Amino acid sequence: MLRILVSIIVFCGVAFGNDDAPTWTVDQAMTNLQKGNERFVKGKPKVWDSGAAKREHLAAGQTPYACVISCSDSRVPPEQIFDASLGELFVIRVAGNVTPKEVLASADYAVGHLHCPIVLVMGHTMCGAVGAALSESDFPEPLNTLVNEIRPSVEACQSKGYGTDDLYSGVIKENARNGASTLISGSREIEQAVSEGKCVVLSAVYDIETGKVSWQSQLSAVTMQKTELESHPVTEAPKAEEPKSDPSHKSVAKTERKDDKASSEQSQANRKNSGSKYKH
Ligand SMILES: [Zn+2]
């Protein structure tokens, strides 16, 4: 599968990728994601141009501002959740938003060649794949292989003392965080981009009922070396260029760092409060 993907990338050449200089900064991309989700939650999406002229423009190349890895669940389409247009998001969807090598290779390409400044692994409430991983049943192949990708997150949460009420929500978050960690540890392109401040790797959980995306900690290559797969890494936000045209950008970055520092406290609170919400 990996060989096939690499072959596609090589032969698609310019039409698939864009090796020009980066177009988006980390903060611009973060602003786009957050404001897009706000519009989605409010039910006020933009009216995007997807006509012939737009398609012709995109035929020359793509410059997506984020790579989003999300579940295949029909209720979790990143383009709608972030109110994004054609060519704006590099989306990788697989049940349980797991990160096997094929997904890793796709994200590697998004960062290394398309210069996506943000890679987001987005879990979601009511995830059936996580529910399957929580059962003690073995499933027929190939389903069992996918479920086994999530089971280490179940074991991690169990070892941390998550109980019946909060295990489901805990595994949803842990699985997304582990996926983000895997992207950095498994891709030299991503690790280098993160260490140079050109890219941040994030995890988040999308709430199917409210439409809101709850952001979790940013991960950095330096933190990975120090803590490996710590459950709630608290990291410094990578330095990024100040936006020249968007005044809202600064508050967004500040909010992110605040969220990072509060990550452990939030997690504790979530463990107490969110259990019943995530039943499926
Ligand atoms: Zn799911």
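In this predicted model, the axes of helix H5 (residues 101–112) and helix H9 (residues 188–195) come within 8 Å and cross at roughly 40°. Two packed helices are described by just such a pair of values, the angle between their axes and the distance between the axes. An angle counts as roughly parallel under 35 degrees and as roughly perpendicular from 65 to 115, so H5 and H9 end up oblique to each other. As for handedness, the crossing of H5 and H9 is left-handed.

Who meets whom at this crossing? From H5 come Ala107, Asp108, Val111 and Gly112, and they meet Glu189, Ile190 and Ala193 of H9. Sorted by class, the contact of H5 with H9 has 4 nonpolar, 1 polar and 2 charged residues. On helices in general, an α-helix has 3.6 residues a turn, so residues three or four places apart point the same way.

Moving along to helix H7, which spans residues 143–159, one of its residues is Ser153. Is Ser153 buried or exposed? Ser153 has 26 C-beta neighbours inside 10 Å, and since 20 or more is enough to count as buried, Ser153 is buried. Leaving aside residues up to four places away in sequence, Ser153 touches Val171, Glu174, Asn175 and Asn178. Then there is Gly179, 26 residues from Ser153 in sequence, with the two C-alpha atoms 9.8 Å apart in space.

Helix H3 (residues 52–59) is another matter to look at. H3 is hardly covered, with a count of 0 buried residues among its 8. After H3 comes Gly61, and the phi of Gly61 is positive, near 155°.

Methods: Residues are numbered from 1 along each chain as its sequence is written. This is a predicted model: local features need pLDDT of at least 70, side-chain atom pairs count only at pLDDT 80 or more; totals for chains, interfaces and linings use all residues. Helices (H or I, at least four residues) and strands (E, at least two) are DSSP runs, numbered from the N terminus. A residue is buried if 20 or more other C-beta atoms lie within 10 Å of its own, exposed if 12 or fewer, and partly exposed in between; C-beta atoms are placed from the backbone. Two residues are in contact if their C-beta atoms, placed from the backbone, lie within 7 Å. Axes are lines fitted to C-alpha atoms, for helices over the stretch in contact, and angles run from 0 to 180 degrees between N-to-C directions. Angles under 35 degrees count as roughly parallel, over 145 as roughly antiparallel, 65 to 115 as roughly perpendicular and the rest as oblique. A crossing is left-handed if the near helix is turned anticlockwise from the far one by less than a right angle, and right-handed if clockwise. Ala, Val, Leu, Ile, Met, Phe, Trp, Tyr, Cys and Pro count as nonpolar, Asp, Glu, Lys and Arg as charged, and the others, Gly among them, as polar.
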